Amino acid sequence: MKFDIIIIGAGMAGLPCAIRAADRNKKILLVNKNKNIGGKLDRSTGQIAAAGTNIQKRKKIQDNPNLHLREAWEICKGTANLSLLKLAIDNAADTVNWLETIGVNFPENHPVITYQHDIYSTRRYQWPIGYGKEILDCMSILINKYIDTNNITIINETILIDFIKDKNDKIEGVTLLNNKNKKIKYYSNNIVLTAGGYTNNEKIFNKFSPGVTLYTPKFTGSEGLVHELAHSYNIQLDGGHLYKGMIGGVLNKKNDKHSVSISLNTIPQDRQPWEIWINCEGNRFLREDHPSADYRRHKVNIQTKQKFFIIFDEGVLVNSPSISITNDGGLQGHIKEELVLEKYQSVEALAKGINVKVDNLYDTIKNYNYSVENKKDFFGREHLPRKIEEPPFYSIESVAFALPSPAGIAINEQFKVLNNDNIPIESLYAAGEIIGNTRIMGEYYIAGMGVGPTLTFGKLIGETLS
Ligand SMILES: Cc1cc2nc3c(=O)[nH]c(=O)nc-3n(C[C@H](O)[C@H](O)[C@H](O)COP(=O)(O)OP(=O)(O)OC[C@H]3O[C@@H](n4cnc5c(N)ncnc54)[C@H](O)[C@@H]3O)c2cc1C
């Protein structure tokens, strides 16, 4: 059977692609591994940055894509793919405007400036009132409409296992495997790969980003199956060397690296740190209240096993605002279960519990207390509210984690997949996490440039494929 477009993956990139193509009366086959459509949309915040949106115009915020690009380029220190970053930014406002037309609502006070990543100079950052789930709900209505008109056919619980080639070696279709273990073949001149990432496949992660530890939340659907297939088709896969994990994560289950929850508020603009951060050697390694999110993130990422311990005492526990991201209620927030807070009666017991040299830990705490007393810190920390001296002592183990996958399939500005010789492969397109988030953000995180380009590129492919 032949379709105008076959889309592999019905998530954040695949759904807008299908909808915009169906708007042009194309016949689309949407193939999805998971039981339901949506991918990670139902758990993502849905944060999008865009310049020149209708929302900004209504609020009389002066902005334009050139300024957005300049700032994004500065934030990523020139490490991203400039032409793809530009393409995403030039089309971001259309995406946000389109989301509004399909019924997505943004909070009255948005766009905003937030400090989770290094900041833009103006308010161009927003997310829906109902987060990513609201985008999914609005898109689901349109998907159902186009299922009724026979423009979209969806098959869930089915995966892409191979490409079909014609006698001239041109890809002309796909071989799928459904949940009854049955192989099915479908044909199209346009195959769009929007099958998401590989953060739940440690083997692939380690291959792309050797030497770093993978911590991530569990998500069925990010197994990198298409990455494995791409490898055997001489498709260019790169970007993993730029990986830097996000911070603020804890492991809900001590030895399960796939049990990350984003639980800690490590943003000094939201909550000044009262604790010290120490590495596996028992030493402080950064200015905990440094205003740059990228500074803090990079310092954590170069520590052994990309993890560190947040250390404090009873005095901090009782007096400081909560470090929990979901609760600013002081003590109660601190002792929320998801923080996996460990309690020790002495510095020796703390050192033993977190497996660091006790002499190092003593020195670290002594030096920090000296900084507090003298209001002058070796790392330049400015917020020095109180010493760490009153037992019991506490530690929270925190890890730098992967949300989007860093590496991925290389594409050109027409979204065509490139082979290892940089030559576009006919019939094959890709968008979303499958292209790797470092392609758009480089070695840094640019606010709103994960979800934004994912939706935008999917949408643009749907609007342009013939
Ligand atoms: C908790 C959480 C919060 C996040 N918050 C943000 C945020 O605020 N901002 C941000 O920028 N990013 C965020 N992200 C990342 C963002 O959600 C993803 O980068 C984005 O959803 C990727 O969209 P996608 O369409 O490429 O992939 P997905 O949404 O993952 O969809 C991929 C789809 O492909 C299907 N699939 C997989 N393999 C196959 C196969 N072989 N054959 C057929 N189908 C297949 C899957 O079933 C899935 O439905 C977050 C992620 C998580 C987990």
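Before going on, some ground rules. What you see is a predicted model, in which local features need pLDDT of at least 70, side-chain atom pairs count only at pLDDT 80 or more, and totals for chains, interfaces and linings use all residues. Residues are numbered from 1 along each chain as its sequence is written.

Now zoom out. Domain 1 covers 5-197 + 404-464 and domain 2 covers 246-401, with bounds from an automatic or database domain assignment. Their C-alpha centres lie 36 Å apart. The C-alpha atoms of the chain fill a box of roughly 75 × 50 × 40 Å, taken along the principal axes. The radius of gyration is 24 Å, which agrees with the value near 23 Å that a compact globule of 466 residues would have; this radius is taken over C-alpha atoms, and the globule rule is 2.2 Å times the number of residues to the power 0.38. In secondary structure, the chain comes to 15 helices and 19 strands, which are DSSP runs numbered from the N terminus (helices H or I, at least four residues; strands E, at least two).

Let's turn to the sheets. One of them is open and mixed, with six strands in the order β5-β2-β1-β9-β19-β18; strands pair if DSSP finds at least two bridges between them. At the edges stand β5 (152-155) and β18 (416-418), each with a single partner strand, so one side of each has no neighbour in the sheet. Neighbouring strands here are turned by 35° against each other on average, direction ignored. Helix α1 (residues 14-23) packs on this sheet, touching β1, β2, β5 and β9, and its direction makes about 170° with that of β2. Such angles run from 0 to 180 degrees between N-to-C directions, with axes fitted to C-alpha atoms, for helices over the stretch in contact. Within the sheet, β9 (residues 191-193) and β19 (residues 424-430) run parallel and are joined by three bridges; L193 has A430 as its bridge partner in β19.

Another open sheet has three strands, β6-β7-β8, with antiparallel pairing. Its edges are β6 and β8, each with a single partner strand, so one side of each is left without a neighbour in the sheet. The twist averages 30° from one strand to the next. Seven bridges join β6 to β7, and I159 stands opposite L177 in β7. Five bridges join β7 (residues 171-178) to β8 (residues 183-187), with L176 opposite I184 in β8. Four residues lie between the strands in the β7 and β8 hairpin, where N181 takes a positive phi near 65°.

Finally, the ligand. Of the 37 residues around the ligand, G9, G11, G39, G432 and G450 come nearest; a residue is near if its C-beta atom, placed from the backbone, lies within 6 Å. The elements giving two or more residues to this shell are β6 (158-165), α8 (225-232) and α15 (451-464). By class, the shell has 17 nonpolar, 16 polar and four charged residues.

How values were computed
Two residues are in contact if their C-beta atoms, placed from the backbone, lie within 7 Å. Ala, Val, Leu, Ile, Met, Phe, Trp, Tyr, Cys and Pro count as nonpolar, Asp, Glu, Lys and Arg as charged, and the others, Gly among them, as polar.
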